[in-house]
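I opened my notebook to look up a few things in this structure, one at a time. Come and read along with me.

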Amino acid sequence: MSTFESFKSLSRAMFLGFRRDRTALFFTVLFPLMFLVVFGGIFGHQSTSKVKVLEVGKAPVLDQAVAQGAGELSKVMKVEKASDRAAALRTVEKGDADAVVEQRGGELVVHYSAADQVKSGTVRGLMNSLVQSANLSVSGKPPAYRLTDQQVEDDSLKAIQFFTPSLLGWALASAGVFGASQTLVTWRTKGILRRLQLSPAPIPTVFAARVAVSLAVALVQFALFVIVAQLPMFGLKLSGAWWMAIPMVVAGVLAFLSIGMLIGAWAKTQETAQAVTQLIVLPMAFLGGSFFPLDASPAWMRTLSYIFPLRYLNEGMLNVMGRGLGPTSALPQIAVLLGVAVVGALIAVRLFRWDAA
């Protein structure tokens with residue numbers, strides 16, 4: 001056989017081997033495409049992030065700018081009137097608006113939330129431009145207006161307040177789904193499930209032990225995240241109902257374990273389980289708000305994010321760890337996560353198989 005024929009045969013064999021390797025196919029082809037779709041969908045048609053501003057009382061600087069440049073300004077900013085100052089500030093604190101603007105004589109005051117660094121930076125930059133434009137209109141005189149910005153949360157809060165819960169949520173989701181799916185498939189393919197079935201220990205006890213270990217690891221993970229984030233170099237400060245993050249973690253882990261069990265019950269091989277898990281966990285990490293604020297994404301993507309349980313875990317932990325809201329603010333998210341856990345577990349039981357065949 002000639003050198004070329006050998007080369008052609010080996011190349012064909014390697015290509016067929018690559019094509020049969022689902023994991024390699026996923027990470028080589030689908031994985032980069034998924035990033036293209038996600039980031040293209042978020043940033044492909046956006047040049048500036050649009051912000052929502054609540055105007056309390058009369059703010060002539062803002063009103064004049066809106067009247068003079070309504071067309072261009074409306075592309076980047078939506079202004080709504082608000083009569084209740086305290087309610088408006090709470091709206092910003094909860095993340096339902098990006099800023100509250102009020103004017104006290106020549107001072108334009110912008111109240112923003114540190115929960116979204118991108119939106120708060122955008123709105124402060126816009127207001128600074130409006131103030132400068134207003135001052136230029138009275139050229140030849142000392143500046144008539146000045147800008148003051150105030151954070152709606154405690155001034156001691158830093159960005160770490162918001163990075164900690166979001167990254168912790170992503171870590172819990174990855175560990176829960178990957179751990180459960182890989183464990184169940186490995187036990188089945190290696191015959192461990194059959195041996196457990198014949199052992200004196202009841203099967204529910206075996207799975208309960210697996211869940212207990214996952215919860216214990218998650219709580220240790222939570223403690224480590226909080227301890228590291230509280231180091232002086234980071235400066236995380238916990239106050240109020242931060243302890244509600246603990247039941248949030250428990251509910252989140254149960255939800256992600258049920259998803260992992262469902263994948264493990266359905267998948268026949270470890271390669272299939274790993275590929276399906278990646279297809280779920282990675283989009284969930286982006287669309288769940290772990291890596292960037294969902295406010296910067298298109299409306300269709302924000303709507304799609306509601307099907308992912310990680311959004312609810314991140315939102316609930318952010319409410320109590322970052323925004324300083326009360327314990328009841330996390331209850332709706334806990335209810336959703338527990339609902340996902342129950343539904344996922346019921347489907348996993350229906351799909352469960354003792355053997356790989």
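This is a predicted model: local features need pLDDT of at least 70, side-chain atom pairs count only at pLDDT 80 or more; totals for chains, interfaces and linings use all residues.

**Entry 1: two spans from the record.** I had picked both spans from UniProt, where an unreviewed entry lists them under "transmembrane region", together with residues 24-44, 241-263, 275-294 and 330-352.

**Entry 2: a pair of helices.** How do helix 7 and helix 11 run relative to each other? I looked at helix 7 (residues 160-189) and helix 11 (residues 270-287), and their axes come within 10 Å and cross at roughly 165 degrees. Angles over 145 degrees count as roughly antiparallel, so helix 7 and helix 11 are roughly antiparallel to each other. I also noted that the crossing is right-handed.

Then I listed who meets whom. On the helix 7 side I found, among others, W170, F178 and V185, and on the helix 11 side residues including Q274, V281 and M284. I sorted the residues of this contact into nine nonpolar, eight polar and no charged.

**Entry 3: one leucine.** Is L62 buried or exposed? I found L62 in helix 3 (residues 60-68), and L62 is buried, with a relative accessible area of 0%. Leaving out residues up to four places away in sequence, L62 touches V53, E55, M77, V79, V101, M127 and L130. I picked out V101: L62 and V101 are 39 residues apart in sequence, yet 8.4 Å apart in space, C-alpha to C-alpha.

Notes:
Residues are numbered from 1 along each chain as its sequence is written. Side-chain values use heavy atoms; hydrogens and water are left out. Axes are lines fitted to C-alpha atoms, for helices over the stretch in contact, and angles run from 0 to 180 degrees between N-to-C directions. Helices (H or I, at least four residues) and strands (E, at least two) are DSSP runs, numbered from the N terminus. Angles under 35 degrees count as roughly parallel, over 145 as roughly antiparallel, 65 to 115 as roughly perpendicular and the rest as oblique. A crossing is left-handed if the near helix is turned anticlockwise from the far one by less than a right angle, and right-handed if clockwise. Contact means heavy atoms within 4.5 Å. Ala, Val, Leu, Ile, Met, Phe, Trp, Tyr, Cys and Pro count as nonpolar, Asp, Glu, Lys and Arg as charged, and the others, Gly among them, as polar. UniProt positions are given in the numbering used here, feature names are shortened, and annotations may be inferred rather than shown by experiment. Buried means under 20% relative accessible area, exposed over 50%, partly exposed in between (1.4 Å probe, protein chains only).
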